[in-house]
Amino acid sequence: MNMVMEGGLEESLKDNIIYAIAKVLDEIVIETDIIESPIQTVFHTIKKPQITIYKYIERIKMFSYCSNECFILALIYIDKVQERNQDVVINSYCVHRFLLACILLSIKYNDDDYYKNDYYARVGGVTLQELNSLEKELLTLLDYQLFVSSNQYYYYKEKLMKYAQL
């Protein structure tokens, strides 16, 4: 019986982390949507996606079968992009595509098993060519620096867990 409770607790924590990441990103795009982006990247679209950030993350979670850590790493990668590239504004026109590419890189970097890009492209609602282009550009924006220290990872995880409880 404890196994069921522990498994349920783990799933609940995972859902809270997903919710917290979506909430953080929602708050970011509310702030950045009023700023005119100095540059347009391959991540920017002409119109805003209809799916909410939370539903998009849920969809990726449902079909990617990746570890919970990948979602936290994806948020860290988004922050790293912002730190390294002040001209790149992550707003509602690009947040979904940034998120997809960041999750893809975190899966490839962190998890032992993963699918081919065409599978993730279908999950994310983009073409294979678009996803390949997003992945390549994200690696460039991150200067190919995908390593995240355990201190940084646990700092983000702790903050997200606290944020989810608000």
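Author: Let's start with how helix packing gets described. An axis here is a line fitted to C-alpha atoms, for helices over the stretch in contact, and angles run from 0 to 180 degrees between N-to-C directions. Helices (H or I, at least four residues) and strands (E, at least two) are DSSP runs, numbered from the N terminus. Keep in mind that this is a predicted model, where local features need pLDDT of at least 70 and side-chain atom pairs count only at pLDDT 80 or more, while totals for chains, interfaces and linings use all residues. Residues are numbered from 1 along each chain as its sequence is written, and side-chain values use heavy atoms, with hydrogens and water left out.

Now for the pair I'd look at: the axes of α2 and α4 are 11 Å apart and meet at an angle of about 30°. That makes α2 roughly parallel to α4 (angles under 35 degrees count as roughly parallel, over 145 as roughly antiparallel, 65 to 115 as roughly perpendicular and the rest as oblique). Who does the touching? From α2 come Ile53, Tyr56, Ile57, Ile60 and Ser64, and from α4 come Val95, His96, Leu99, Leu100, Ile103 and Ile107; contact means heavy atoms within 4.5 Å. Sorted by class, that contact has nine nonpolar residues, two polar ones and no charged ones (Ala, Val, Leu, Ile, Met, Phe, Trp, Tyr, Cys and Pro count as nonpolar, Asp, Glu, Lys and Arg as charged, and the others, Gly among them, as polar).

Six of the eight residues of α5 are buried, so α5 is largely enclosed by the rest of the structure. Buried means under 20% relative accessible area, exposed over 50%, and partly exposed in between (1.4 Å probe, protein chains only). Those buried residues are Asn117, Tyr119, Tyr120, Ala121, Val123 and Gly124. After α5 comes Gly125, with a positive phi near 75°.

One last stop is Phe98. Leaving aside neighbours within four places in sequence, Phe98 is in contact with Thr41, Phe43, Val81, Val88, Ile90, Leu138 and Leu141. Thr41 sits in the loop between α1 and α2, and at 14% relative accessibility Thr41 counts as buried. Thr41 and Val88 are 47 residues apart in sequence, yet 7.7 Å apart in space, C-alpha to C-alpha.
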